[in-house]
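I opened a notebook for this structure and wrote down what I looked up, entry by entry.

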Amino acid sequence: MEEDNYLMLSGLQHFQFCKRQWAFIHVEQQWEENVRTIEGQHLHRKANKPFIREKRGNKLIVRAMPVKSNELKITGVCDVVEFIKDENGVEINGAEGKYNAYPVEYKRGKPKVNDADILQLTAQAMCLEEMLLCDIDIGYIFYNEIKHRTEVPLPLDTKNKVKAIVAEMHDYYKRRHTPKVKTGAFCKNCSLQNICLPKLMNKWSVKSYIEGKIHECKNFLIRYSLLSQMFIYR
């Protein structure tokens with residue numbers, strides 16, 4: 001199936017955090033939990049109640065809404081999509097009237113210094129635009145640590161940036177490419193430290209590391225053999 005080659009929309013955030021981390025998870029299928037990932041899963045379980053619609057006045061709230069883009073070849077789930085009644089909006093299946101759509105993403109922490117959260121939200125909006133044949137220029141991110149919901153503009157230049165990043169992700173995935181390590185302060189917050197071994201790999205290549213371990217094993221076997229002979233001839 002063609003959709004077998006679709007990438008996970010959530011991978012955008014991993015890719016912006018660390019391309020090597022993204023490759024471990026999405027190319028090599030490796031994953032480890034830490035406190036941050038578990039807290040994030042707990043928060044999303046509270047938000048993600050699939051197939052439940054909630055009506056509040058002129059607002060229709062849909063949770064855990066599956067989305068995809070055939071243009072970008074990505075698929076994922078929006079934590080929440082709020083549909084606000086508007087005569088200039090689009091029709092929604094099973095609802096009367098017309099609505100504008102606004103994706104809402106839930107995050108465990110606080111606003112980041114980079115734009116990883118914004119790019120993920122933008123990708124969700126782009127999927128919704130393609131699915132609903134509409135334009136979305138605003139979304140929202142709720143940060144659990146500060147208990148605050150932030151309005152996020154979604155301009156064309158950010159959408160173009162998403163397209164460029166997704167294209168790079170597809171290139172890596174097609175080539176089964178895992179980038180070399182680039183260490184930084186962010187390594188301390190990564191759940192894959194034990195797999196990546198950033199400090200070690202920054203000093204040695206994987207080949208050098210393996211060759212070093214083989215050399216250590218050979219030396220150990222030689223010492224063990226010598227000691228064994230000493231005991232035999234005593």
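This is a predicted model: local features need pLDDT of at least 70, side-chain atom pairs count only at pLDDT 80 or more; totals for chains, interfaces and linings use all residues.

Entry on Lys68. Leaving out neighbours within four places in sequence, I found Lys68 in contact with Glu3, Tyr6, Ile74, Thr75, Cys127 and Met131. Lys68 belongs to strand S3, which runs over residues 59–69. Its relative accessible area is 29%, so I put Lys68 down as partly exposed. I also checked one distance: the C-alpha atoms of Lys68 and Tyr6 are 8.8 Å apart, although 62 residues separate the two along the chain.

Entry on the core. I next looked at the largest nonpolar core, which has 39 residues. The members that touch the most other members are Trp22, Ile74, Phe83, Leu128, Leu132 and Val162. Among the elements that give two or more residues to this core I noted helix H1 (11–17), strand S4 (74–91), helix H4 (116–132) and helix H5 (156–175). H4 supplies the largest share, eight residues.

Entry on helix H2. The buried residues are Arg20, Gln21, Trp22, Ala23, Phe24, Ile25 and His26. I followed two of these further. Not counting residues up to four places away in sequence, Trp22 touches Leu7, Gly11, His14, Phe15, Val27, Met169, Tyr172 and Tyr173. His26 lies in H2, which spans residues 19–26. Its relative accessibility is 9%, and His26 therefore counts as buried.

Entry on rings. I counted five aromatic pairs. For Tyr106 and Phe142 the ring centres are 5.4 Å apart and the planes stand at 45°, so I recorded the pair as tilted. Tyr106 is in strand S5 and Phe142 in strand S6, so this pair ties together parts 36 residues apart in sequence. Phe15, Trp22 and Tyr172 form one aromatic cluster. I then looked for charges over rings. The charged end of Arg149 sits over the ring of Tyr140, 4.2 Å from its centre. Arg176 lies over the face of Tyr173, at 4.6 Å from the ring centre.

Entry on salt bridges. How many salt bridges are there? I have 12 in the count. Lys107 pairs with Glu105, with the closest N and O atoms 3.3 Å apart. Lys107 is buried, at 7% relative accessibility, and Glu105 is buried, at 2%. Lys112 pairs with Asp117, where the closest N and O atoms are 2.9 Å apart. Here Lys112 is partly exposed at 40%, whereas Asp117 is buried at 2%.

The side chains of Asp115 and Lys161 meet in another salt bridge, at 2.6 Å from N to O. This pair links distant parts of the chain, with Asp115 in the loop between S5 and H4 and Lys161 in helix H5, 46 residues apart. I noted Asp115 as partly exposed, with a relative accessible area of 22%, and Lys161 as partly exposed at 37%. Last, I wrote down that salt bridges with shared partners join Glu105, Lys107, Lys112 and Asp117 into one network.

Key
Residues are numbered from 1 along each chain as its sequence is written. Side-chain values use heavy atoms; hydrogens and water are left out. Helices (H or I, at least four residues) and strands (E, at least two) are DSSP runs, numbered from the N terminus. Buried means under 20% relative accessible area, exposed over 50%, partly exposed in between (1.4 Å probe, protein chains only). Contact means heavy atoms within 4.5 Å. A nonpolar core is a set of buried Ala, Val, Leu, Ile, Met, Phe, Trp, Tyr and Cys residues joined through side-chain atoms within 4.5 Å. Rings of Phe, Tyr and Trp (its six-membered ring) pair if their centres lie within 6.5 Å; planes under 30 degrees apart count as stacked, over 60 as edge-to-face and the rest as tilted. A charge sits over a ring if NZ of Lys or CZ of Arg is within 6 Å of the ring centre and within 35 degrees of the ring normal. A salt bridge is a side-chain nitrogen of Lys or Arg within 4 Å of a carboxyl oxygen of Asp or Glu.
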